[in-house]
Amino acid sequence: MKMNAPGNRTDSHKSSTEIAVPYQRLRNPVHTGILLKIYQMIKEKPHVHEYKVRHMTVAFPISEGCLKEGFYRMFGISYSDYILQQYMLHATYLLEHTDELLEDIAEGLGFNAISAFSRSYKKYHGISPLHQRLKKRAPNGK
């Protein structure tokens with residue numbers, strides 16, 4: 001365990017089914033545990049798109065404010081940015097390793113239209129999903 005400032009610890013949590021996650025403990029250990037579960041759940045299943053804040057506050061005993069603020073304090077990334085990050089990483093994996101249609105990838109990640117997915121993907125990665133797929137399949141990867 002590493003000390004950042006007096007009383008602030010940075011821990012890594014790891015069990016047999018979880019990946020180590022560097023995080024900043026919160027004062028409330030219950031919230032720390034809940035946020036770790038949410039973080040890991042999103043990381044393991046980014047294709048499930050019921051991660052809206054209101055869904056999480058129903059599924060877990062945590063308020064909207066504690067979820068948003070606590071998530072940022074613990075992981076250094078906003079809740080919504082983390083979800084988008086995981087969606088985009090999962091989309092890249094699907095583009096590079098499957099023949100799944102762009103429409104199906106977009107729908108599977110909860111996008112209502114392929115255009116919305118393409119815009120988000122390009123904004124996040126700087127390349128369109130189609131170009132990502134073509135780049136990966138090119139003989140020299142360019």
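## Basis of the description

A residue is termed buried when its relative accessible area is under 20%, exposed when it is over 50%, and partly exposed in between, with a 1.4 Å probe and protein chains only. By this criterion Phe117, at 0% relative accessibility, counts as buried.

The structure is a predicted model, in which local features need pLDDT of at least 70 and side-chain atom pairs count only at pLDDT 80 or more, whereas totals for chains, interfaces and linings use all residues. Residues are numbered from 1 along each chain as its sequence is written, and side-chain values use heavy atoms, with hydrogens and water left out.

## Overall architecture

The chain contains seven helices and three strands, where helices (H or I, at least four residues) and strands (E, at least two) are DSSP runs numbered from the N terminus. Their order along the sequence is β-β-β-α-α-α-α-α-α-α.

Of the 142 residues in the chain, 35% are buried. A contact is defined by heavy atoms within 4.5 Å. Among the contacts in the chain with a separation of 6 or more, 49% involve residues 24 or more positions apart. The chain exposes about 9000 Å², and carbon and sulfur atoms supply 54% of this area; accessible areas come from the Shrake-Rupley method with a 1.4 Å probe, and for residues only the protein chains shown count as cover.

## Model confidence

Confidence is expressed as pLDDT, the predictor's confidence in each residue, from 0 to 100. The chain has a mean pLDDT of 82, and 78% of its residues reach 70 or more. Confidence is highest in helix α6 (residues 114–125), with a mean of 95, and lowest in strand β1 (residues 2–5), with a mean of 35.

Over residues 1–19 pLDDT stays under 50. For this stretch the model has 34 contacts beyond four places in sequence.

## Packing of helices α1 and α3

Helix α1 (residues 29–44) packs against α3 at an angle of about 80°, and the two axes are 10 Å apart. Axes are lines fitted to C-alpha atoms, for helices over the stretch in contact, and angles run from 0 to 180 degrees between N-to-C directions. Angles under 35 degrees count as roughly parallel, over 145 as roughly antiparallel, 65 to 115 as roughly perpendicular and the rest as oblique. Helices α1 and α3 are therefore roughly perpendicular to each other.

On the α1 side, the residues involved are His31, Thr32, Leu35, Leu36, Ile38 and Tyr39; they meet Cys66, Leu67, Gly70, Phe71, Met74 and Phe75 in α3. The C-alpha atom of Ile38 lies 10.0 Å from that of Ala59, although the two residues are 21 apart in sequence. Ala59 belongs to helix α2 (residues 53–59) and counts as exposed, at 54% relative accessibility.

## Aromatic pairs and the aromatic cluster

The whole structure holds eight aromatic pairs. Rings of Phe, Tyr and Trp (its six-membered ring) pair if their centres lie within 6.5 Å; planes under 30 degrees apart count as stacked, over 60 as edge-to-face and the rest as tilted. One of these pairs joins Phe71 and Phe75 in a tilted arrangement, 4.8 Å centre to centre with 55° between the planes. Both residues lie in helix α3 (residues 64–75), four residues apart, about one turn of the helix, and both are buried. In the pair formed by Phe111 and Phe117, the ring centres are 5.5 Å apart and the planes stand at 65°, so this pair is edge-to-face. Phe111 is buried at a relative accessible area of 17%.

Phe71 and Phe75 also belong to one aromatic cluster with Tyr39, Tyr79 and Tyr82. Tyr82 is located in helix α4 and is buried, with a relative accessible area of 1%. Beyond its neighbours within four places in sequence, Tyr82 contacts Tyr39, Ile42, Lys43, Phe71 and Ile77. Tyr82 and Lys43 are 39 residues apart along the chain, with 9.0 Å between their C-alpha atoms.

## Packing of helices α4 and α6

Helices α4 and α6 pack at an angle of about 100°, with 11 Å between their axes. They are therefore roughly perpendicular to each other. Helix α4 contributes Leu84, Gln85, Met88, Ala91, Thr92 and Leu95 to the contact, and helix α6 contributes Phe117, Ser120, Tyr121, Tyr124 and His125.

Thr92 is found in helix α4 (residues 79–97) and counts as buried at 13% relative accessibility. Residues up to four places away in sequence aside, Thr92 touches Tyr121, His125 and Gln132.
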